[in-house]
Amino acid sequence: MHSKKVRTRFAPSPTGFMHVGNLRTALYSYLLAKKAGGVFILRIEDTDQTRYVEGAVEMIYKILKETGLRYDEGPDIGGDYGPYVQSQRQEIYREYAQKLVKTGNAYYCFCDKERLDKIREQCRIAKIDPKYDGHCRNLPPEEIQKHLEAKKPFVIRQKMPTMGTTTFDDKVFGTIKVDFSQLDDQVLMKADGLPTYNFANVIDDHLMEITHIIRGSEFLISTPKYNQLYKAFGWEIPTLVHVPPVMKAAGQKMSKRLGDASYDDFIKKGYLKDAIVNYIALLGWSPGDNREIFTLPELVNAFDINNINKAPAIFDEVKLSWLSGEYIRKLSLEEFLQMALPYINQAVSRTPVDVRKISQLLQPRVEKFIDIPAQIDFIDSVPDYRLDFYGHQKMKSTPESALQFLKSALPALYTIDTWTEEHIHTAIFELIDQLKIKTGQLLWPLRIALSGKQSTPGGFIEIAYLLGKEETIKRVEDAIRRLETEKVSGS
């Protein structure tokens, strides 16, 4: 349909934080434009001033830059189609609204709030969708003139056909057919002289020469109204791509109001931004093969709007965690250490401590950085733990055998002169040979004694090295005392 250059837009409202669905729309619009060698535009839709949130625009700039979704035109970088902020384009909308009134495709509506509330109430009682009753559709010109001269407040409404049906094509949902009788004469210009979102976005998309519009499937119902506006002006309708919603669970949409996470919340949880972008790409789109891990340039190459799914996408944080873990494993140790350090410092205040060694142990196990403190909190002090932790069937360990083997380990630990992993390993494995026991029978109780945990980054040898000789011996002695106090030996 479009031989001209592909131009897509991301047009958020500055009404809060960027939630997952928003970011996905931005990502798909970016991928579509870049795949086609086209242009990706940022436009700020701030016509609803009542919902404007201070700092939200700056947050949008920051997140798009951080995630690598660099726009070619936008409010802060300019371009040939500006201004890119709707509140700075009011004159443009007024002019186009007046054109529609002149051609009979829109009309002045002078109904006050009281009358509109009454209509809404009647619709509610009749159990039908609220719909304007067309009271001002055919006012005589002299009556309109009288109201205008009297400065009576008005809105401008779109005059929709009342009979027949309309169809349009969507790249995801195919051909959609809608009865005009279901559609309302929507407000285009509000009484305060500002356009509605529904009007402004059509005018801007045309004037900014947008060729492909990607938006949520909740806009399917409004699309016939937008298309009627394009037809009224004699404009070409862009290619439409409506994407399914992102759900928390079947039948439950994600929503900021319900406390569902925004992009920023996921960053605060310590997910890697590249993993977030990668995961969001897969919410409702698939590459057509089984690949799941993509860099942004790889996503550009793989992206195809024909592979967007109609079914709602379920947001699965377990899957995001897995993906984030895969990205964390790809970091160099230096990169991991730099990102993990604030979280290590939350849990570990003991000095000196080998943070590089801690990082080495953590990197294979961490999926998001917020998990780090709970994995290493034992370095400062052993948490209170249950004695039945010493029991482990596979390791052939029981609290009784644990007491016996911890006592055997003490002299071996005392004799280690140079406290390195290598020397600790040698001493402990010589003892295992002497005692003629399985490795787990000694290493398991030693791990519990040092950490109070059944699962740790690294085993006894790495933990002992981190804690140092003095602290290791002290913890083993404390564990022996505790086991004896509980009369494990006599029970």
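A residue is called buried when its relative accessible area is under 20%. The analysis below applies that cut-off to a predicted model.

Helix α18 spans residues 460–467. Six of its positions fall under the cut-off: Phe460, Ile461, Ile463, Ala464, Leu466 and Leu467 are buried. Because 6 of the 8 residues are buried, α18 is largely enclosed by the rest of the structure. Several helices contribute to the cover over these buried residues, including α13 (355–362), α15 (399–414), α16 (421–435), α17 (439–451) and α19 (469–485). Gly468 follows α18. The phi of Gly468 is positive, near 90°.

The packing of α18 against α19 was examined next. Their axes come within 6 Å. The crossing angle is roughly 120°. On the α18 side, the contact is made by Phe460, Ala464 and Leu467. On the α19 side, Glu471, Thr472 and Arg475 take part. Phe460, Ala464 and Leu467 are also among the buried residues of α18.

Helix α3 (residues 90–102) packs on helix α7 (residues 223–233) at an angle of about 75°. Their axes lie 11 Å apart. Angles of 65 to 115 degrees count as roughly perpendicular, so α3 and α7 are roughly perpendicular to each other. Tyr96, Lys99 and Leu100 of α3 meet Leu229, Ala232 and Phe233 of α7.

Nonpolar cores were then considered. In soluble globular proteins, nonpolar side chains tend to be buried together. Here, the largest nonpolar core holds 108 residues. Within this core, Ile372 and Tyr390 touch the most other members. Helix α1 (residues 20–35) supplies the largest share of the core, 9 residues. A second, separate core has 43 residues, among them Tyr93, Phe110, Val178 and Leu188. Beyond residues up to four places away in sequence, Tyr390 touches Tyr385, Ser397, Thr398, Pro399, Ala402, Leu406, Trp444, Pro445, Ile448, Ala449, Ala479 and Leu483.

Aromatic side chains also pair. The count comes to 19 aromatic pairs. One of them joins Phe336 and Phe369, with 5.6 Å centre to centre and 35° between the planes, a tilted arrangement. Phe336 lies in helix α12 (residues 333–347), whereas Phe369 lies in the loop between α13 and α14 (372–376). The pair therefore ties together parts that are 33 residues apart in sequence. Both partners are shielded. Phe336 is buried, with a relative accessible area of 0%. Phe369 is buried too, at 3% relative accessibility. Elsewhere, ring pairs link Tyr28, Trp285, Phe294 and Phe303 into a cluster.

Two charged side chains sit over aromatic rings. Arg7 lies over the face of Tyr81, at 3.9 Å from the ring centre. The charged end of Lys330 is placed over the ring of Tyr327, 5.5 Å from its centre.

Asp264 belongs to helix α8 (residues 263–268). Its relative accessible area is 12%, so Asp264 counts as buried. With residues up to four places away in sequence left out, Asp264 touches Met59 and Lys62.

How values were computed
Residues numbered from 1 in each chain as written. Predicted model: local features only at pLDDT ≥ 70, side-chain atom pairs only at ≥ 80, totals over all residues. Heavy atoms only, no water. Buried < 20%, exposed > 50% of the residue type's maximum accessible area, 1.4 Å probe, protein only. Helix = DSSP H or I, 4+ residues; strand = E, 2+ residues; numbered from the N terminus. Contact = heavy atoms within 4.5 Å. Phe/Tyr/Trp six-rings, centres within 6.5 Å; stacked < 30°, edge-to-face > 60°. Lys NZ or Arg CZ within 6 Å of the ring centre and 35° of its normal. Core = buried A, V, L, I, M, F, W, Y, C linked by side-chain atoms within 4.5 Å. Axes fitted to C-alpha atoms, helices over the stretch in contact; angles between N-to-C directions. Parallel < 35°, antiparallel > 145°, perpendicular 65-115°, else oblique.
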